[in-house]
Amino acid sequence: MKRWISVMTAAAALSIGVVLAQSVMKAPPMAPYVNVSKALKGALPNFIPGLGTLYVDAKNLPEGPFLAYDKQGRLVKVVFMVPLENLGKKSYVDIGTAALKGLGVSAKVDHVNIIPSGAHPGVDKPHVHFELVLVSLEKEKKVLEGNPY
């Protein structure tokens with residue numbers, strides 16, 4: 001009986017991990033993630049060429065992670081928008097692996113983009129995008145319809 005309970009507990013834990021992964025691998029992700037364009041009342045377009053359609057858990061603003069999807073709703077990259085002023089004051093250790101595990105993403109990171117950005121709606125200070133990209137650069141450009149942003 002104890003063994004049966006252990007097996008059922010393990011199966012339930014595995015199922016929860018699979019549900020969590022499925023919930024972010026396809027858009028829209030489950031709550032607490034919200035569509036950034038809708039949350040900003042259209043101040044940013046729903047689909048940003050080179051970046052995709054973004055979702056974020058508002059409690060994690062401004063840094064994220066932001067989930068970036070292509071027009072077919074596939075997760076393409078996980079983006080952190082780190083204010084420049086934080087780079088010298090705060091340590092960022094293992095944000096990639098920890099974030100992906102926390103989200104339940106099992107896909108491997110193909111490459112990382114590091115892109116400076118000025119202030120824009122949602123992130124009101126100059127910052128750097130750290131993008132953990134789950135597809136090749138060629139596919140990223142194709143499905144996000146532009147160069148990384």
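**The largest pocket and its setting**

The largest pocket holds about 190 Å³ of space. A pocket is an open set of points on a 1 Å grid over the protein atoms alone, with protein on both sides within 12 Å along at least five of seven lines; a cavity is a set where a 1.4 Å probe fits but cannot get out, and lining residues have an atom within 4 Å of a point. Points are joined across faces, edges and corners, and a volume is the space filled by probe spheres set on them. Please keep in mind that this is a predicted model, in which local features need pLDDT of at least 70 and side-chain atom pairs count only at pLDDT 80 or more, while totals for chains, interfaces and linings use all residues. Residues are numbered from 1 along each chain as its sequence is written, and side-chain values use heavy atoms, with hydrogens and water left out.

Let's start with the lining. The largest pocket is lined by 18 residues, and those nearest its centre are Val36, Leu40, Phe66, Pro121 and Gly122. By class, the lining has 16 nonpolar residues, 2 polar ones and no charged ones. Here Ala, Val, Leu, Ile, Met, Phe, Trp, Tyr, Cys and Pro count as nonpolar, Asp, Glu, Lys and Arg as charged, and the others, Gly among them, as polar. H2 and S2 each give at least two residues to the lining of this pocket. Such helices (H or I, at least four residues) and strands (E, at least two) are DSSP runs, numbered from the N terminus.

Glycine 122 sits in the loop between S5 and S6. Leaving aside residues up to four places away in sequence, glycine 122 touches Leu40 and Pro62, a contact being heavy atoms within 4.5 Å. From glycine 122 to alanine 39 the C-alpha distance is 9.1 Å, although 83 residues separate them in sequence. Is glycine 122 buried, exposed or partly exposed? Glycine 122 counts as partly exposed because its relative accessible area is 41%, where buried means under 20%, exposed over 50% and partly exposed in between, with a 1.4 Å probe and protein chains only.

Helix H2 (36-39) and strand S2 (53-57) each contribute at least two residues to the lining of the largest cavity. That lining is made up of Val36, Ser37, Leu44, Pro45, Asn46, Ile48, Gly52, Thr53 and Leu54. By class, 5 of the cavity-lining residues are nonpolar, 4 are polar and none is charged.

The phi of lysine 41 is near 55°, which is positive in a residue other than glycine. Lysine 41 counts as exposed because its relative accessibility is 77%.

Now for the sheet that includes S2. Its 6 strands form an open, antiparallel sheet in the order S1-S2-S3-S4-S6-S5, with two strands counted as paired if DSSP finds at least two bridges between them. Strand S1 (33-35) and strand S5 (111-117) are the edges, each pairing on one side only. Neighbouring strands are turned by 30° against each other on average, direction ignored. S2 pairs with strand S3 (residues 66-69) in the antiparallel sense over 4 bridges, and threonine 53 stands opposite tyrosine 69 in S3. Helix H4 (residues 95-103) lies across S1, S3, strand S4 (75-83) and strand S6 (127-133), at about 130° to S4; axes are lines fitted to C-alpha atoms, for helices over the stretch in contact, with angles from 0 to 180 degrees between N-to-C directions.

Stepping back, the chain has 5 helices and 6 strands, and 41% of its 149 residues count as buried.
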